[in-house]
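Trainee: I would like to learn how to read a few features of a structure. Could we look at one together?

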Amino acid sequence: MNLKISPSLLSADFGRIAEEAADVEKAGADMLHLDLMDGHFVPNLTFGPPVVRAIAQHTRLPLDAHLMVEDPNPLIEPLAKTGVAWISVHAEACRHLHRSLDLIRSSGAAAGVAINPASPLCMLEEILDNIDFVLLMSVNPGYGGQSFITSSIDKIRRLRSMLGKSCTEIVVDGGVDHTNAHALVKAGATTLVAGTAVFGATDRQSAIEELKRCALKA
């Protein structure tokens, strides 16, 4: 399978953000995960499109923008103009989810839906044919470095069953490391977002290689 490792910049040194992005690109990352937080939908505040535009100038990695905000629609077109490849919005935040997904796709990005650990998969049933990827949160969103919620593995398995033979990607975000990577991929995940496991490592290339090795072991 074409497993992707997407380091989350939430765990990077924000004072050296361009260097951090370039470092994980050199270390073998497949994508770069960007958490945009508004201090309302989640209790933290990060950055917006101007910072994303600056990051895009310092890496060739595809950028994956995860909108943890109460009103994502105004951010979609500005983010797409920076060259972001994937944009995900939270099902819990969107009053008109189809409209948000159509806006993402018409702006030129792949459209994804994110759901929190306590949100049921039934929230996705009516839009499965209208998404490119699902981002399953395996921690409660808002902070890096949290412990993985183990029930997420069964949730991934059930989502993969719902998707059937669809090529829709399953992204897992939160507490991902070498101890659970194999179980996540076996359950059906195709992209692993790893923050502390990569940016907290002294040797980031080795950390990414270890994640892939553990995830794809027989």
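Trainee: How many bridges join β5 to β6, and in which sense do the two strands run?

Mentor: Strands of a sheet pair through backbone hydrogen bonds, either parallel or antiparallel. In this predicted model, β5 and β6 are joined by 4 bridges and run parallel. Gly112 stands opposite Phe133 in β6.

Trainee: What does β5 pair with over 5 bridges?

Mentor: That partner is β4 (residues 86-90), and the pairing is again in the parallel sense. Here His90 has Ala114 of β5 as its bridge partner.

Trainee: In what order do the strands of the sheet lie?

Mentor: The open sheet has 8 strands, in the order β1-β8-β7-β6-β5-β4-β3-β2, with parallel pairing. At the edges are β1 (4-7) and β2 (32-37), each of which pairs on one side only. On average, neighbouring strands of this sheet are turned by 25° against each other, direction ignored.

Trainee: Are the residues of β5 buried or exposed?

Mentor: A residue counts as buried when its relative accessible area is under 20%. By that cut-off, 6 of the 6 residues of β5 are buried. Ala110, Gly112 and Ala114 point one way from the strand, while Ala111, Val113 and Ile115 point the other way. Both sets are buried.

Trainee: Which residues of helix α5 are buried?

Mentor: They are Ser152, Ile153, Lys155, Ile156, Leu159 and Leu163. These residues lie on the same side of α5, because they cover an arc of only 160° around the axis. Among the elements that cover them are β5 (110-115), β6 (133-137), β7 (169-173) and α6 (181-187).

Trainee: How far does α5 reach from its first C-alpha to its last?

Mentor: Helix α5 (residues 152-163) has 12 residues and reaches 16 Å, close to the 16 Å expected at 1.5 Å a residue. After the helix comes Gly164, whose phi is positive, near 60°.

Trainee: Now a loop residue. Where does Asp38 lie?

Mentor: Asp38 is in the loop between β2 and α2 (49-56). Its side chain has a polar atom 2.8 Å from the backbone nitrogen of His40. The side chain of Asp38 also reaches the backbone nitrogen of Phe41, at 2.8 Å.

Trainee: Which residues does Asp38 touch, leaving out those up to four places away in sequence?

Mentor: Asp38 touches Asn44, Leu45, Met68, Val69 and Glu70. As for Met123, Asp38 is 85 residues from it in sequence and 23 Å from it in space, C-alpha to C-alpha.

Terms used
Residues numbered from 1 in each chain as written. Predicted model: local features only at pLDDT ≥ 70, side-chain atom pairs only at ≥ 80, totals over all residues. Heavy atoms only, no water. Expected span 1.5 Å × (residues − 1). Buried < 20%, exposed > 50% of the residue type's maximum accessible area, 1.4 Å probe, protein only. Arc of directions from axis to C-beta. Contact = heavy atoms within 4.5 Å. Pairing = 2+ DSSP bridges. Axes fitted to C-alpha atoms, helices over the stretch in contact; angles between N-to-C directions. Polar contact = N/O pair within 3.5 Å; in protein donor to acceptor, adjacent residues only side chain to side chain.
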